[in-house]
Structures are given as C-alpha cells and as structure tokens.
Amino acid sequence: MSLDVLLQKLIAIERAVGVAHNNTVRGLVYDAESYLLDMQCEALAAMSQPASERSRPTPYLREIA
C-alpha cells in the first residue's frame, strides 16, 4: 500500500467535485476510505510483528506530513 496511490485517489476526488455525478464522487470517496483503512490494517499488522521481522519501520503521520 502506498501513500502515492492514496494521494492519486484524493486528487481524483478533487477533480471530480462539481464535475462528476454525486454518486461517482461518493464512490471515489468510498474507494479512498477503503484504501486508507487497508493501509492502517497493514500498519497495525506490521507493528504487531517482532522488530527483528520488520523490513522497515512503519512511519507515523507526523513523519509523513
């Protein structure tokens, strides 16, 4: 899962607002929400592994921003 993909999804939402049908925009929002929830599940799963098994530390939102 990638922050770049999430950003692309958010940009697509931004571009669709006021142009696409409301149901289309809602679908894009649901897709981005689902992707974010999957990212969070992946991060939690990575944190539950012993430190020796982690390939790289999971970044915190402060570090990403």
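A nonpolar core is a set of buried Ala, Val, Leu, Ile, Met, Phe, Trp, Tyr and Cys residues joined through side-chain atoms within 4.5 Å. Buried means under 20% relative accessible area, exposed over 50%, and partly exposed in between (1.4 Å probe, protein chains only). The model on display is predicted: local features need pLDDT of at least 70, side-chain atom pairs count only at pLDDT 80 or more, and totals for chains, interfaces and linings use all residues. Residues are numbered from 1 along each chain as its sequence is written, and side-chain values use heavy atoms, with hydrogens and water left out.

**The whole chain**

Begin with a cartoon view, which shows three helices and zero strands, in the order α-α-α from the N terminus. Helices (H or I, at least four residues) and strands (E, at least two) are DSSP runs, numbered from the N terminus. Of the 65 residues of the protein, 11% count as buried.

**Helix α2**

Select residues 22-48, the 27 residues of helix α2. The expected span of a helix is 1.5 Å times one less than its number of residues; for α2 this gives 39 Å, and the end C-alpha atoms are 39 Å apart, so the two agree. Within α2, highlight the buried residues Val25, Ala32, Tyr35 and Met39. Their cover includes α1 (3-16).

**The core**

Now select Leu6, Ile13, Ala16, Val25, Ala32, Tyr35 and Met39, the seven residues of the largest nonpolar core. Helices α1 and α2 are the elements that give two or more residues to this core, and α2 provides the largest share, four residues. In soluble globular proteins, nonpolar side chains tend to be buried together.

Centre on Ala16: leaving aside residues up to four places away in sequence, Ala16 is in contact (heavy atoms within 4.5 Å) with Val25 and Leu28. Then move to Leu36 in helix α2, which counts as partly exposed because its relative accessibility is 37%. The C-alpha atoms of Leu36 and Leu6 are 7.1 Å apart, although 30 residues separate the two along the chain.

**A surface patch**

Finally, select Leu7, Leu10 and Ile11, which form a nonpolar surface patch with about 240 Å² of accessible area together. Ile11 belongs to helix α1 and, at 31% relative accessibility, counts as partly exposed. Patches are made of residues with over 30% relative accessible area and no salt bridge, like charges being joined within 9 Å and nonpolar side chains (Val, Leu, Ile, Met, Phe, Trp, Tyr) within 5 Å. A salt bridge is a side-chain nitrogen of Lys or Arg within 4 Å of a carboxyl oxygen of Asp or Glu.

Technical notes. Areas by Shrake-Rupley, 256 points an atom, 1.4 Å probe, with all protein chains shown as cover.
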